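Please read the points below with the model open beside them. They begin with one side chain and end with the chain as a whole.

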Amino acid sequence: MTCGDIQKDLAMSCVHEVMKVITEELGDKQFSVLIDESRDISVKEQMTVMLRFLNDKGEVVERFLALYHVKDTTSEALKNALCDILDRYTLSISRIRGQGYDGASNMRGEFNGLQRKILDENPYAFYVHCYAHRLQLVIVSVASSCSSINDFFEYISLIVTTSSTSCKRRDSLTEAQHEDILSKLSSGEISTGRGSNQSCSLARPGDTRWGSHHTTLLRLDQMWSSVLVVLSMVDKDGRGPSQAAGLIEKMESFKFVFILKLMLKLFGITNELSKILQRKDLNIVLAMDLINVVKARFATLRDNGWDNLFLDVQEFCVAKGIPVPNMDDEIAVRGRSRLEGRTVTNFHHYRAEIFYVAIDKICVEMDHRFSEGSNIVLDCFSCLDPKNSFSKFDVDKLARLADIYHPDFSDDDRETIREQLDT
């Protein structure tokens, strides 16, 4: 039992027994493949492959198939690795009916990605990118939609790092927040209640942690006074010059508050959608409807949301003692020297160059990531949704499925399917 070769033999015996059960459960059914790759602790690039199929009870199940070492992560190398794995277990690419990968270009590329290479061999292996992951990519792109917003998130990272990088600062932040809560309770600004006024901490926003951007901004908004107290303490106690003083100046500026409130508004909408999209009981029809609802909300915000947002920013600035600039005053165009003499009004800068740019960016990204062209098959299947007495039932769309999945229907089936559906 201590011999390495015997241990490997035992492990491989377990692999064969498990795979025997999985292949028996799969039988001759069609399946989808879920693939992702990442480096392991030994710095080897590993490709994970899972199968997703309907078992004999009509339940959707996922089964881990293999962990495969790949020397290259190009689409061609990944496709060859997948074929090798499928051949090992006598599975054919022709049985694949779906592909699920992340949004990397080597995976989802329309012309040379892995999904395209598999589609070239099997035109019925349709690719669907996780909706929640697509939404996170939208958020990441909006966080760098213009130079002002990109700078804002750079400052956010510095504020989080400076105010909570050590145990002492983290404890000071918690203590300052506790004192602030007690002060607000005594003044009646907030009320007590079960689960209310819990202590929290700042977390750095991460591109791969869903909802982290919204969480960070929300906590900064809630802990505003506490963060300023800690930054002041860092500047006072520092042995040498620190960034704390400059960060206080940035936080107590109208532009910082304006972008904070704008991002909270945008990410508040996407965060609720993200939570819903991650629910296991969500059906794809409802997900598609929710995407359209969010798109409509952004369009409404662009047309009618400026006045409420500006009023919210003004009230926050007045409450925190932050000066509000005159919107008719002229300032130099961002990214241009004052010597060039090019100016715009504060109103134009905040509304056209930040407010509209951010919303337009998120709308464009939503249309790109959730394009209707990629949802043709899902749109057809949505006609089988029994909600509201099959209100979405559409004979033409359902009959189109027979053309999309051509090999699964005989010529006689395609001739009679419309009459059967009408009946």
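1. The side chain of Arg95 reaches the backbone oxygen of Lys29 at 2.8 Å. Arg95 lies in the loop between helix H2 (75–88) and strand E4 (96–100); helices (H or I, at least four residues) and strands (E, at least two) are DSSP runs, numbered from the N terminus.

2. The model is predicted: local features need pLDDT of at least 70 and side-chain atom pairs pLDDT 80 or more, while totals for chains, interfaces and linings use all residues. Residues are numbered from 1 along each chain as its sequence is written, and side-chain values use heavy atoms, with hydrogens and water left out.

3. Is Arg95 buried or exposed? Arg95 is buried (under 20% relative accessible area, 1.4 Å probe, protein chains only; exposed is over 50%, partly exposed in between). Arg95 has no salt bridge (a side-chain nitrogen of Lys or Arg within 4 Å of a carboxyl oxygen of Asp or Glu). The nearest side chain of opposite charge, Asp28, is 5.9 Å away (Lys and Arg count as positive, Asp and Glu as negative; His and the chain ends are not counted).

4. Beyond its neighbours within four places in sequence, Arg95 has contacts (heavy atoms within 4.5 Å) that include Leu26, Gly27, Asp28, Lys29, Thr90 and Asn122.

5. Met1 is in the segment before helix H1 (4–26). Met1 counts as exposed because its relative accessibility is 74%.

6. Of the 423 residues, 41% count as buried. Among contacts with a separation of 6 or more, 62% come from residues 24 or more positions apart.

Methods
A polar contact is a pair of N or O atoms within 3.5 Å; within protein, one must be able to donate a hydrogen and the other to accept it, and residues adjacent in sequence count only if both atoms are side-chain atoms.
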